[in-house]
Amino acid sequence: MSTETFRVRVNGYPMVTSPSYKKALNSFNKAKINNAGSKVEFIKEETLAVHQPINQSA
């Protein structure tokens with residue numbers, strides 16, 4: 001099991017963080033138009049589920 005998060009950054013500063021691809025992509029496209037000449041990034045992060053053992057005391 002994994003969780004995806006999409007981030008939009010402008011000049012290294014976070015603008016949007018969303019689990020929705022569509023919402024993040026719309027924000028990315030708007031940021032490109034509104035911040036012409038700036039570095040606009042679209043980042044996909046995937047977090048894998050971590051299994052944690054159950055502590056059992058005898």
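Reader: Ser-18, buried or exposed?

Author: Ser-18 is buried, with a relative accessible area of 3%. Buried means under 20% relative accessible area, exposed over 50%, and partly exposed in between, with a 1.4 Å probe and protein chains only. This is a predicted model, where local features need pLDDT of at least 70, side-chain atom pairs count only at pLDDT 80 or more, and totals for chains, interfaces and linings use all residues. Residues are numbered from 1 along each chain as its sequence is written, and side-chain values use heavy atoms, with hydrogens and water left out.

Reader: Which strand does Ser-18 lie in?

Author: Strand S2, residues 13-18. Helices (H or I, at least four residues) and strands (E, at least two) are DSSP runs, numbered from the N terminus.

Reader: And what is Ser-18 in contact with?

Author: Leaving aside neighbours within four places in sequence, Ser-18 is in contact with Thr-5, Phe-6 and Lys-23. Contact means heavy atoms within 4.5 Å. The side chain of Ser-18 also reaches the backbone nitrogen of Ser-20 at 2.9 Å.

Reader: Where is the place of Ser-20?

Author: In the loop between S2 and H1. Ser-20 counts as partly exposed, at 29% relative accessibility. From Ser-20 to Ile-54 there are 34 residues in sequence and 32 Å in space, C-alpha to C-alpha.

Reader: Changing topic. What is the strand order in the sheet?

Author: The order is S2-S1-S3 in an open sheet of 3 strands, with antiparallel pairing. S2 and strand S3 (40-48) each have a single partner strand and stand at the edges, so one side of each is left without a neighbour in the sheet. From one strand to the next, the twist averages 25°.

Reader: How many bridges join S1 to S3, and how many join S1 to S2?

Author: S1 and S3 are joined by 9 bridges, and S1 and S2 by 5. Two strands pair if DSSP finds at least two bridges between them.

Reader: What about the turn between S1 and S2?

Author: Those two strands form a hairpin with 2 residues between them. Asn-11, in the turn, has a positive phi of about 50°, although Asn-11 is not a glycine. Asn-11 is partly exposed, with a relative accessible area of 44%.

Reader: Where does H1 lie?

Author: H1 lies across S1, S2 and S3, running at about 160° to S3. Axes are lines fitted to C-alpha atoms, for helices over the stretch in contact, and angles run from 0 to 180 degrees between N-to-C directions.

Reader: Which residues make up the largest nonpolar core?

Author: There are 8 in all: Phe-6, Val-8, Val-10, Val-16, Ala-24, Phe-28, Ala-31 and Val-40. S1 and H1 each supply at least two residues of this core. A nonpolar core is a set of buried Ala, Val, Leu, Ile, Met, Phe, Trp, Tyr and Cys residues joined through side-chain atoms within 4.5 Å. With neighbours within four places in sequence left aside, Ala-24 is in contact with Phe-6, Val-8 and Phe-42.

Reader: Last one. What is the mean pLDDT of the chain?

Author: The mean is 89, and 91% of the residues reach 70 or more. pLDDT is the predictor's confidence in each residue, from 0 to 100.

Technical notes:
A polar contact is a pair of N or O atoms within 3.5 Å; within protein, one must be able to donate a hydrogen and the other to accept it, and residues adjacent in sequence count only if both atoms are side-chain atoms.
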